[in-house]
Amino acid sequence: MDFSFSQEDEAFRREFRSWLEQNLPRDLHGDGEPADPDTKTEFERLRAWHRKLYDAGWMCIHWPKEYGGRGATLIQQFIYHQELDRAKAPPTVNFQGIARVGPTLMQWGTPEQKKRFIPKIPSAEEIWCQGLSEPNHGSDLAAVETRAVGEGDHFVVNGSKVWTSNAHHADFTTLLCRTDPTLPKHKGLSYLLVDMKTPGVTVRPLVQITGERGFNQVFFEDAQVPKSNLVGQKNQGWMVAMTNMMFERTIHGGRSEMMVEVRQLADLAKKIDRRGRSAWDDKYVQNRIAGFACEAEALKYTSLRQLTRQLRGLPPGPEGSMLKLGTTDLNLRIQSFAMELLGPYSQLAYQADGAIDRGKWSQRMLAARRGTIAAGTNEIQHNIIGERVLGLPKGS
Ligand SMILES: Cc1cc2nc3c(=O)[nH]c(=O)nc-3n(C[C@H](O)[C@H](O)[C@H](O)COP(=O)(O)OP(=O)(O)OC[C@H]3O[C@@H](n4cnc5c(N)ncnc54)[C@H](O)[C@@H]3O)c2cc1C
């Protein structure tokens with residue numbers, strides 16, 4: 001097997017790497033501390049970075065040129081993410097819009113919707129969030145209860161969405177809602193685009209165990225949404241939502257950051273003193289970190305296998321679920337081992353006096369669970385792998 005990239009792709013890598021070296025502001029070089037765009041100031045700082053990438057043609061590179069992308073190949077997209085990880089660049093601010101809403105609209109939107117909404121996504125002029133999960137319906141998404149009732153030229157929406165990332169910064173949300181409760185659950189759903197400034201839409205932040213406020217519950221009380229904001233056909237929103245989910249899982253594939261995490265863990269082990277010797281000198285520590293490195297490498301090759309499928313024009317395989325499960329589970333175990341290495345220092349909170357690495361490891365430990373829940377829980381990924389890869393019978 002040949003894992004090398006073509007000369008053209010290596011030239012692309014050099015060009016982007018050099019641009020990052022010259023343009024990524026030093027104060028935005030994340031050293032692995034969690035990005036926390038909770039406050040308006042921090043969010044705007046990240047938006048400025050996003051705009052810098054956009055203005056230089058380095059945003060949404062895989063999007064077609066007509067929508068503001070540069071029509072990059074899948075391999076270039078893969079390299080692009082590798083370089084962002086390598087440079088420890090912070091996340092961009094319109095992740096939901098870029099990864100999910102834009103591509104979904106390209107497939108399902110009317111010409112008017114495409115013209116109105118897509119161009120403002122890559123530039124982060126309009127920020128998007130996605131309203132899928134509800135207080136009683138997450139894994140069982142098709143059972144959502146938020147109601148939209150047609151009246152004249154608009155729908156009247158009532159209900160609530162929860163765990164809505166970024167809703168407090170968003171200008172628009174997608175909304176999976178029930179337009180016909182008499183139809184079977186997958187069939188009476190519609191997919192709307194809702195302006196967050198609509199009267200009757202209220203955002204309430206949810207504070208996480210890390211102290212971050214990136215999540216929200218969003219309430220809809222007699223909110224009027226123009227019928228022109230219906231994406232796809234009425235009562236066929238499940239198909240649109242599935243397109244959205246497919247993009248979500250594909251995105252989880254192309255990242256290579258797990259080896260970055262393993263290297264940081266090795267650096268931590270080298271810093272920790274154990275009875276006058278570095279923890280790194282301990283064979284047990286070396287074995288554990290080597291095990292993590294092997295898993296990270298295996299995940300890298302799984303993501304390359306996924307890339308190969310895509311390059312051959314094959315439909316998405318189970319690699320998306322395997323990568324999602326593998327990376328989030330490995331991350332959880334890496335953070336747990338960091339706690340073991342830190343011993344009593346693991347109890348010092350983020351940014352506390354005397355904390356090693358400013359306490360970022362305890363913060364990451366607290367944050368690690370969320371990856372195992374977002375974008376379909378790991379139990380659901382186990383179900384998918386069990387049924388589609390191993391051919392096990394479907395659970396009741
Ligand atoms: C970081 C993060 C960001 C998120 N962002 C958004 C967002 O922007 N927009 C949005 O709409 N949602 C978002 N979510 C919500 C996320 O999609 C849901 O939390 C997730 O789908 C699980 O749904 P739930 O919380 O209702 O849990 P439930 O579905 O109630 O599951 C509870 C437990 O039961 C298990 N379980 C459920 N069904 C099965 C089954 N069939 N087999 C085995 N085990 C099962 C689950 O694995 C879980 O452990 C986000 C979540 C996180 C953590």
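A polar side-chain atom of E379 sits 2.6 Å from an oxygen atom of the ligand. The protein covers 65% of the 970 Å² of accessible area that the ligand has on its own. The model is predicted.

**Ligand site**

A polar backbone atom of Q130 lies 2.8 Å from a nitrogen atom of the ligand. A backbone N or O atom of L132 is 2.9 Å from an oxygen atom of the ligand.

| Protein side | Ligand atom | Distance |
|---|---|---|
| E379, polar side-chain atom | oxygen | 2.6 Å |
| Q130, polar backbone atom | nitrogen | 2.8 Å |
| L132, backbone N or O atom | oxygen | 2.9 Å |

The shell around the ligand holds 18 residues. Those that come nearest are Q130, S133, S139, T377 and E379. By class, the shell divides into seven nonpolar, nine polar and two charged residues.

Which helix gives the largest share of the shell? It is α11, with three residues. Helix α11 covers residues 378-388, and helix α10 covers 360-373. Each of these two helices supplies at least two residues of the shell.

**Whole protein**

The protein has eleven helices and ten strands. Its C-alpha trace spans about 75 × 50 × 50 Å along the principal axes. Does the radius of gyration point to a compact globule, or to something else? A compact globule of 396 residues would have a radius of gyration near 21 Å. The protein has 22 Å, so the value agrees with that expectation.

Of the 396 residues, 47% are buried. The protein exposes about 19700 Å². Carbon and sulfur atoms supply 53% of that area.

T372 lies in helix α10, one of the helices that supply the ligand shell. Is T372 buried or exposed? Its relative accessible area is 11%, which is under 20%, so T372 counts as buried. Leaving out residues up to four places away in sequence, T372 touches K324, T328, L332, T377 and N378.

Q76 belongs to helix α3, which runs over residues 74-86. Its relative accessible area is 13%. Q76 is therefore buried, as the value is under 20%. Beyond residues up to four places away in sequence, Q76 touches D9, F12 and I61. Two of these partners, D9 and F12, fall within helix α1, residues 7-23.

F3 is placed in the segment before α1.

Notes: Residues are numbered from 1 along each chain as its sequence is written. This is a predicted model: local features need pLDDT of at least 70, side-chain atom pairs count only at pLDDT 80 or more; totals for chains, interfaces and linings use all residues. Side-chain values use heavy atoms; hydrogens and water are left out. Helices (H or I, at least four residues) and strands (E, at least two) are DSSP runs, numbered from the N terminus. Buried means under 20% relative accessible area, exposed over 50%, partly exposed in between (1.4 Å probe, protein chains only). Contact means heavy atoms within 4.5 Å. A residue is near a molecule or strand if one of its heavy atoms lies within 4 Å of it. A polar contact is a pair of N or O atoms within 3.5 Å; within protein, one must be able to donate a hydrogen and the other to accept it, and residues adjacent in sequence count only if both atoms are side-chain atoms. Accessible areas come from the Shrake-Rupley method with a 1.4 Å probe; for residues, only the protein chains shown count as cover. Ala, Val, Leu, Ile, Met, Phe, Trp, Tyr, Cys and Pro count as nonpolar, Asp, Glu, Lys and Arg as charged, and the others, Gly among them, as polar. The radius of gyration is taken over C-alpha atoms; the globule rule is 2.2 Å times the number of residues to the power 0.38.
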